[in-house]
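The following paragraphs lead through the fold of one protein chain. The reader may wish to keep the coordinates open while following the text.

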Amino acid sequence: MLDINFDELIQKVYSTNTLKTEGVVDKVIGLTIEVKGIKAFVGELCIIYNQMKKPIKCEVVGFKGDSVILMPLGDLIGISPGCKVIPTEKPLNVKCSDELLGKIIDGLGNPFDTSLLLKGDEYPLENSPPDPMSRKRIRDIMPTGVRAIDGFLTCGEGQRIGIFAGSGVGKSTTLGMIAREAKADINVIALIGERGREVLEFIQNDLGEEGMKRSVVVCATSDKPALIRLKGALTATAIAEYFRDKGKKVILMMDSVTRFAMAQREVGLAIGEPPAQKGYTPSVFAMLPKLMERAGTSDKGSITAFYTVLVDGDDFNEPIADTVRGILDGHIVLSRKLAHKNHYPAIDILNSVSRLMSQICTDEQKRAASIARDLLSTYNDSEDLINIGAYVKGSNPKIDNAIKYHDYIENFLKQGITEKSDFNDSVNNLTSVFS
């Protein structure tokens with residue numbers, strides 16, 4: 001009998017370079033490409049060679065009969081019936097290493113500076129959130145350097161916070177202040193669907209040289225295909241996970257999660273998914289928790305996440321805002337009314353909440369913040385009477401107290417864009433007055 005080493009044979013079979021199947025483009029309908037002749041899985045990367053022999057990366061997003069439906073990670077220009085399609089048999093990954101610090105990359109992880117060649121470990125864009133039973137409890141405070149947040153809406157390491165506002169109220173400016181002053185090891189900033197003009201402005205004016213040194217900026221502007229805008233959010237999350245797995249304290253900032261949802265709506269509608277609330281497809285509401293649950297603590301490090309939510313028409317109950325608010329561990333509401341009064345950052349303390357503040361702050365700070373909130377609420381309720389002179393001093397001791405401390409509270413909540421604020425100083429200033 002022949003002595004056959006089956007283990008060696010199996011190893012040779014697995015190491016053999018097999019022939020790859022090739023397909024051809026059959027149709028282009030809207031944003032989708034129908035391909036015949038290949039077998040591929042959802043999320044697989046495929047390459048289309050157009051008439052100019054230029055490779056175009058695409059991703060498998062669905063199936064229709066014998067056809068595979070692709071969406072391009074670039075332009076459709078040059079694609080025609082019969083163009084060759086080759087599946088790569090792998091999904092999209094991003095190369096992660098310390099080389100990323102201080103760099104600006106696109107939604108697929110490629111540096112904007114084409115002379116750079118990034119090296120590192122490949123991390124999958126699609127990843128599972130940490131096991132709920134292995135997540136560390138959030139016990140430590142993450143100082144943000146913004147007095148209003150540190151004093152009234154204290155964040156913990158690994159907490160996920162939403163910043164809700166209409167357009168032009170100061171979301172990006174607030175993110176820039178946090179990126180510069182927060183006590184984190186690494187910042188990963190995702191600019192999803194932003195105007196091209198605003199990207200350099202944010203990096204130079206809001207983030208600054210100091211913030212950029214320990215940051216990775218992932219940029220997928222509004223002119224990019226929907227799929228690239230989607231991948232930009234996933235790329236940033238994967239990079240944050242890489243640094244978290246190295247035991248780092250990471251801050252992940254995404255501006256904005258609304259445009260991520262809009263990109264998924266475009267993809268869903270293009271492949272025939274039925275619209276639901278305000279035209280958003282069901283897959284949007286499935287993807288939001290999958291994306292946001294990837295942030296937080298793990299058994300190695302932490303990702304503290306700040307997601308901005310662009311509310312349509314200042315409606316804070318629109319579908320995306322409502323869904324995101326239910327997923328996250330707190331929300332910071334920016335008020336247009338405060339912004340019009342030149343009150344920056346325009347944080348509406350009374351409509352904002354940190355769900356973990358009660359677990360990570362001292363009793364003294366919680367008591368002081370509660371008293372100050374109560375005084376601010378009393379003043380707001382009586383503001384019209386006070387302004388027209390209808391309120392008589394001494395009529396209500398609570399209103400008298402609110403008037404007495406109103407200027408102090410307002411000055412505490414206001415902060416210049418470049419003004420630095422130490423966490424302990426902020427808390428001491430609050431507790432020394434409202435104790």
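Strand 10 (residues 160-165) runs parallel to strand 16, and three bridges join the two. Within this pairing, I163 stands opposite I332 of strand 16. The model under discussion is a predicted one. Strand 16 comprises residues 330-333 and is covered on both of its faces. G330 and I332 lie on one side, H331 and V333 on the other, and all four of these positions are buried. In a regular strand, side chains alternate between the two faces of the sheet. Strand 16 has a further partner in strand 17 (residues 353-354), with which it pairs in the antiparallel sense over two bridges. There, V353 of strand 17 is the bridge partner of H331.

Strand 10 also pairs with strand 15, again in parallel, and this pairing comprises six bridges. F164 stands opposite V309 of strand 15. How many of the residues of strand 15 are buried? Strand 15 spans residues 302-310, and nine of its nine residues are buried. S302, T304, F306, T308 and L310 point one way from the strand, whereas I303, A305, Y307 and V309 point the other way. Burial therefore applies to both sets, each residue having under 20% relative accessible area.

Strand 14 (residues 296-297) instead pairs with strand 15 in the antiparallel sense, over two bridges. In that pairing T297 faces S302 as its opposite residue. A hairpin of four residues provides the link from strand 14 to strand 15.

Six strands close into a barrel in the order 1-2-5-4-3-6, with antiparallel pairing. On average, neighbouring strands of this sheet are turned by 45 degrees against each other, direction ignored. Strand 1 (residues 23-29) and strand 2 (residues 32-36) illustrate the pairing: they run antiparallel and are joined by five bridges. K27 stands opposite E34 of strand 2.

Helix 7 (residues 282-292) packs against helix 8 (residues 319-327) at an angle of about 35 degrees, and their axes are 10 Å apart. The crossing of helix 7 past helix 8 is right-handed. Helix 7 contributes V284, F285, L288, P289 and M292 to the contact, and helix 8 contributes P319, I320, T323, V324 and I327.

A238 is found in helix 5 (residues 226-245). Is A238 buried or exposed? Its relative accessible area is 0%, so A238 counts as buried. Leaving aside residues up to four places away in sequence, A238 touches V94, C96, Y123, P124, L125 and R294. By contrast, the C-alpha atoms of A238 and H406 are separated by 44 Å, the two residues being 168 residues apart along the chain.

These elements can finally be placed within the protein as a whole. Its secondary structure comes to 13 helices and 17 strands, and the C-alpha trace spans about 100 × 50 × 40 Å along its principal axes. Of the 435 residues in the protein, 53% are buried. Among contacts between residues at least 6 apart in sequence, 72% join residues at least 24 apart.

Definitions and conventions
Residues are numbered from 1 along each chain as its sequence is written. This is a predicted model: local features need pLDDT of at least 70, side-chain atom pairs count only at pLDDT 80 or more; totals for chains, interfaces and linings use all residues. Side-chain values use heavy atoms; hydrogens and water are left out. Two strands pair if DSSP finds at least two bridges between them. Axes are lines fitted to C-alpha atoms, for helices over the stretch in contact, and angles run from 0 to 180 degrees between N-to-C directions. A crossing is left-handed if the near helix is turned anticlockwise from the far one by less than a right angle, and right-handed if clockwise. Contact means heavy atoms within 4.5 Å. Buried means under 20% relative accessible area, exposed over 50%, partly exposed in between (1.4 Å probe, protein chains only).
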